[in-house]
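Some notes on this model follow, point by point. Please read them with the coordinates open.

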Amino acid sequence: MEKTATRKRCNTQHSVTKPQSKCKCIVPTGGQSGDNQERHHRFTQFVKIFAERFKNKFSSSGESTNVSSMNVKPSGTGSAETHPRKRALLCGVTYKNKKYKLKGTVNDVKSMRNFLIDKYDYPEECIRVLTEEEEENFSPTKKNIQESLKWLVEGSESGDSLVFYFSGHGLRQPDFNDDERDGFDETICPVDFMQEGMILDNEINSTIVWPLKEGVTLHAIVDACHSGTILDLEHVYNRERNEWEDNSAPSKARKSTSGGIAICLSACEDDKMAADTTAFTGKAMAGAMTYLMIETVRNNAEVTYGLLLDKMHEMVEQFNNKSCLGKFLPGVLYHRKIQNALLSSSETFDVYEKKFLL
């Protein structure tokens, strides 16, 4: 059986990198050593001067040297967007140099970005990407995520399609407002959450769910631990019973839109843990839910929400049943199991009739 690596998206992780060998410059001995050293010195000075000029050229022209940036241009208020429009916010947090770092989140964002462009014709300039590989203004800090969530829904009108994607750590904490049926608030963790704090489901709901006008559709896809009801939507789909369950706030606090619809696909239930894994990709780490969702949609034309959940469930079960120990001693390998995705919505609908369209 092929060996795969699986890690929880709320685990402490350590990474050891084997240093690469360095090439040594050898100065030959003998009568020509002085000439060789002088030529080496002149060449070194030339390289330094050339590098400095190259750097200054790009700095003065205002061009970015970050060739790996996934932001085609800053998606600000000056964008000449027309309606109906498509707009997406994609966040991938690796928590670099931290013991709880993740390896698959940037891969997830790249896959999601390509998916939106290739499958659903999202304009590149209408996709904002926040990762630690981007420049400071597009780093997934708490402030940048909060501002970008507002940008996502700002000025939305009937016919618009919006996507919020998050790949990173998720946690939960006690609910003190009596608006959670399980007694816990779910959260997402920005890169600086240890200093600035987490972003709670209540805030996400009021920022991107409340403003949705009639005719506006928002999809949230959250690949993180404890992400089941991360948008605090009022209806949660029970796949086994094929019915929607009430998730409205016991306190009667507002959780609804302003006439639009919000749909969320989460990596697991509120009390479960999501995973980074190489199980489906071979070597590269990726969020299990992200990979399964993209592959299912690509391989099934006009897939419905119900069929999407069923197909993803089949692949999860196949993976979880691969190990013989997993069949007979499931508790021993609990941390290796992949969880099933959870669907929630601001309104109920027939999951086997409604097409999955972003």
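1. The lining of the second largest cavity holds one nonpolar, two polar and five charged residues (nonpolar: Ala, Val, Leu, Ile, Met, Phe, Trp, Tyr, Cys and Pro; charged: Asp, Glu, Lys and Arg; polar: the others, Gly among them). The lining residues are Asp179, Glu180, Arg181, Asp232, Asn247, Ser248, Ala249 and Lys255. The space in this cavity is about 40 Å³. On a 1 Å grid over the protein atoms alone, a cavity is a set of points where a 1.4 Å probe fits but cannot get out; a pocket is an open set with protein on both sides within 12 Å along at least five of seven lines; lining residues have an atom within 4 Å of a point. Points are joined across faces, edges and corners, and a volume is the space filled by probe spheres set on them. Three cavities of 30 Å³ or more are counted by this rule.

2. A word on provenance. This is a predicted model, where local features need pLDDT of at least 70, side-chain atom pairs count only at pLDDT 80 or more, and totals for chains, interfaces and linings use all residues. Residues are numbered from 1 along each chain as its sequence is written, and side-chain values use heavy atoms, with hydrogens and water left out.

3. The largest pocket holds about 800 Å³ of space. Its lining has 32 residues, with Tyr237, Glu269, Asn340, Ala341 and Leu342 nearest the centre. Two or more lining residues come from each of strand 9 (235-238), strand 10 (243-246), helix 6 (288-299), helix 7 (305-320) and strand 14 (342-345). Helix 7 gives the most, six residues. By class, the lining has 13 nonpolar, seven polar and twelve charged residues.

4. Overall, the protein chain has eight helices and 14 strands (DSSP runs numbered from the N terminus: helices H or I, at least four residues; strands E, at least two). Of its 358 residues, 46% count as buried (under 20% relative accessible area; exposed is over 50%, partly exposed in between; 1.4 Å probe, protein chains only). Among contacts (heavy atoms within 4.5 Å) with a separation of 6 or more, 75% join residues 24 or more positions apart.

5. Which residues touch the most other members of the largest nonpolar core? They are Leu90, Met112, Leu116, Met293, Leu343, Phe356 and Leu358, out of 43 residues. Such a core is a set of buried Ala, Val, Leu, Ile, Met, Phe, Trp, Tyr and Cys residues joined through side-chain atoms within 4.5 Å. Leu116 touches Ala88, Leu90, Asp121, Tyr122, Ile127, Val163 and Leu358, leaving aside residues up to four places away in sequence. A second, separate core has 35 residues, including Val93, Leu149, Val222 and Leu231.

6. Helix 5 (residues 201-209) is largely enclosed by the rest of the structure, because seven of its nine residues are buried. These are Asp201, Asn202, Ile204, Asn205, Thr207, Ile208 and Val209. They pack against helix 3 (142-153), strand 4, strand 6 (184-188), strand 7 (199-200), strand 8 (217-223) and strand 11.

7. Check two backbone angles. Most residues other than glycine have a negative phi. Asn97 has a positive phi of about 65°. Asn97 sits in the loop between strand 2 (86-92) and helix 2 (105-120), and is exposed at 77% relative accessibility. Asp121 has a positive phi of about 60°. Asp121 lies in the loop between helix 2 and strand 3 (127-130); its relative accessible area of 60% makes it exposed.
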